[in-house]
Amino acid sequence: MSDDTTRHHDHQAPRPDCPSCPDRRDRRAGISRRRMLSSAGTAGVAGLVSGAVAGGTAGYAVADRAVPVTAVGATAVPFHGTHQAGITAPPQAQAIGHLAAFDLARGTGRTEAAALMRRWSAAAKAMTQGHAPACDDQIALDAGPCSLTATFGFGRTFFTRTGLTHRTPAALVPVPRFPSDAIDPKRSDGDLWIQIGADDPLVAFHALHVLQKEAAGAAEVRWQMSGFNRARGATSHPKTVRNLMGQIDGTGNPKPTDEDFAAKIFVPDSGHTDQAWMNGGSYAVVRRIRMLLGHWADLTRTEQEEVIGRRKGTGAPLSALKGAAETTPMDLNKFTRNGSLAIPADAHIRVAAPESNDGAAMLRRGFSYHDGYRTDGTPDAGLLFITWQADPEAFIKVQTKLDGADHLTRFIRHESTAVFAVPGGAAPGEYVGQRLLEG
Ligand SMILES: C=CC1=C(C)c2cc3[nH]c(cc4nc(cc5[nH]c(cc1n2)c(C)c5CCC(=O)O)C(CCC(=O)O)=C4C)c(C)c3C=C
Ligand SMILES: [Fe+2]
């Protein structure tokens with residue numbers, strides 16, 4: 001991959017037929033976004049936010065009382081690495097998420113798919129490091145990188161459409177339909193997938209918009225979903241996020257500090273050269289899960305806690321003594337004084353726990369969503385549930401058990417489903433998926 005992150009359509013100058021190419025003067029401004037951030041240090045124009053943020057009166061941008069972008073804006077996540085970015089950072093590190101699945105256009109084969117991945121990688125690398133890509137529309141001109149990540153994956157159909165059926169990873173099996181699923185096929189699956197995360201809504205939209213434009217002629221959007229988490233700084237210190245049911249969600253996740261974390265989440269080197277492109281990769285299972293918030297609100301707080309198996313306020317397991325913390329280990333064998341299980345038999349955490357599923361584990365890293373109101377007046381809201389695992393079988397095993405035994409099932413609807421092979425990270429000079437498409 002070229003280090004010239006301003007390249008676009010493989011041309012250096014603005015292309016007249018590109019509707020988004022800004023004029024030369026604007027382009028200069030766009031290209032220099034990062035230079036201004038870094039060379040201006042704490043005083044460059046592009047690295048500034050309004051003094052209003054730091055105590056101005058009306059909340060409008062006031063140029064003469066500018067202060068540097070905060071750590072939130074200035075944080076950049078490396079694009080290159082063993083793993084793609086956007087998998088292990090905790091959800092509270094990114095307030096905004098966009099998920100988009102694409103289908104390859106008719107006539108797009110392996111060569112064109114490779115060119116697309118090259119363009120996407122170049123644009124993602126530029127934007128995640130705070131550079132403007134060429135043909136930039138400058139939506140994010142004033143912002144720093146804001147922890148932007150773009151993560152790319154391939155669906156099963158990608159391999160057939162590019163003549164690579166024989167390279168389809170054995171683990172990339174279709175996720176079966178479960179009895180309580182209410183799946184919309186139009187919002188499911190896809191040849192290609194992008195997950196975008198960032199701390200700033202404009203930066204996140206900009207990245208999505210640029211990548212979608214880069215796909216023109218090669219791939220079309222099949223479905224797109226947007227979600228959110230907490231804004232950084234919203235709580236006194238970084239905390240596990242709450243979901244739209246009000247629960248602390250993410251406590252039981254494998255931790256990067258766990259000895260077996262990598263083995264659970266990332267694909268090991270199989271020793272097979274034709275699968276080497278998945279070394280350090282992962283599998284993403286994506287489910288849009290609507291929450292039946294009206295029914296949920298009909299429960300008392302105690303009933304809600306019994307559905308999950310944890311206290312709502314602290315996130316502590318019901319097996320722990322009052323005053324325990326979120327981090328207190330759960331005890332699935334604990335009984336109450338009246339002889340019932342402290343964590344009920346159908347509590348979500350009991351049924352989902354690795355201990356109940358032969359050790360099957362996954363990293364849950366989702367985004368809440370709210371897409372307005374349904375005709376019955378209930379919010380169309382819930383969780384863009386994303387799990388990362390070394391083998392999607394872990395998700396399938398746990399969901400097979402949950403769908404039937406989990407009390408929470410009565411308060412949620414799985415409305416879309418997809419699974420993607422997410423290649424290992426690109427090395428410097430490479431694009432994501434190069435070892436598959438050119439290997
Ligand atoms: C197939 C896997 C899972 C689905 C689907 C799922 C949906 C779902 N979960 C919540 C809320 C919570 N889940 C929690 C824990 C938890 N959930 C899963 C798996 C699925 N959840 C696992 C493996 C675990 C960890 C269990 C453990 O070992 O402790 C919790 C408790 C806090 C936490 O650990 O994160 C909450 C809350 C919702 C709302 C939801 C669908 C919308
Ligand atoms: Fe869960």
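1. Helix H6 has these buried residues: Val203, Ala204, His206, Ala207, Leu208, Val210, Leu211 and Glu214. The model is a predicted one. Among the elements covering the buried residues of H6 are strand E3 (96–104), H4, strand E4 (149–154) and strand E5 (192–198).

2. The length of H6 (residues 201–214) can be checked. Its 14 residues, at 1.5 Å a residue, should span 20 Å, and the end C-alpha atoms are 20 Å apart, so the two values agree.

3. The largest nonpolar core holds 94 residues, and those touching the most other members are Ala123, Ala198, Val203, Ala207, Leu211, Ala284 and Phe420. The element that gives the most to this core is helix H4 (residues 110–128), with nine residues. As background, nonpolar side chains tend to be buried together in soluble globular proteins.

4. Which residues does Ala123 contact, leaving aside its neighbours within four places in sequence? They are Pro133, Val210, Leu211 and Glu214. Val210, Leu211 and Glu214 are also among the buried residues of H6.

5. The loop between H4 and E4 deserves a look. Gln138 is in this loop, and its phi is near 70°, a positive value in a residue other than glycine. Cys146 lies in the loop between H4 and E4 as well, with a phi near 55°, again positive in a residue other than glycine. Most residues other than glycine have a negative phi.

6. Are these two residues buried or exposed? Gln138 counts as partly exposed because it has 15 C-beta neighbours inside 10 Å. Cys146 is buried, because 31 other C-beta atoms lie within 10 Å; the cut-off for buried is 20 or more.

7. Around ligand 1 there are 26 residues, of which Gln247, Thr251, Gly252, Ala352 and Ala353 come nearest. Elements giving two or more residues to this shell are E7, helix H10 (348–352), strand E10 (379–389) and helix H11 (393–405). H11 gives the most, with four residues. By class, the shell has 15 nonpolar, eight polar and three charged residues.

8. UniProt lists residues 241–426 as "domain: Dyp-type peroxidase C-terminal", in an unreviewed entry. Over this range the chain is 19% helix and 22% strand, and the end C-alpha atoms are 30 Å apart.

9. Pro268 is in the loop between helix H7 (261–265) and strand E7 (282–291). Pro268 counts as exposed because it has 11 C-beta neighbours inside 10 Å, and the cut-off for exposed is 12 or fewer. From Pro268 to Thr157 is 111 residues in sequence and 23 Å in space, C-alpha to C-alpha.

Conventions:
Residues numbered from 1 in each chain as written. Chains lettered and ligands numbered in written order. Predicted model: local features only at pLDDT ≥ 70, side-chain atom pairs only at ≥ 80, totals over all residues. Core = buried A, V, L, I, M, F, W, Y, C linked by C-beta atoms within 7 Å. Contact = placed C-beta atoms within 7 Å. Near = placed C-beta within 6 Å. Nonpolar A, V, L, I, M, F, W, Y, C, P; charged D, E, K, R; others polar. UniProt positions renumbered as here; feature names shortened; annotations may be inferred. Expected span 1.5 Å × (residues − 1).
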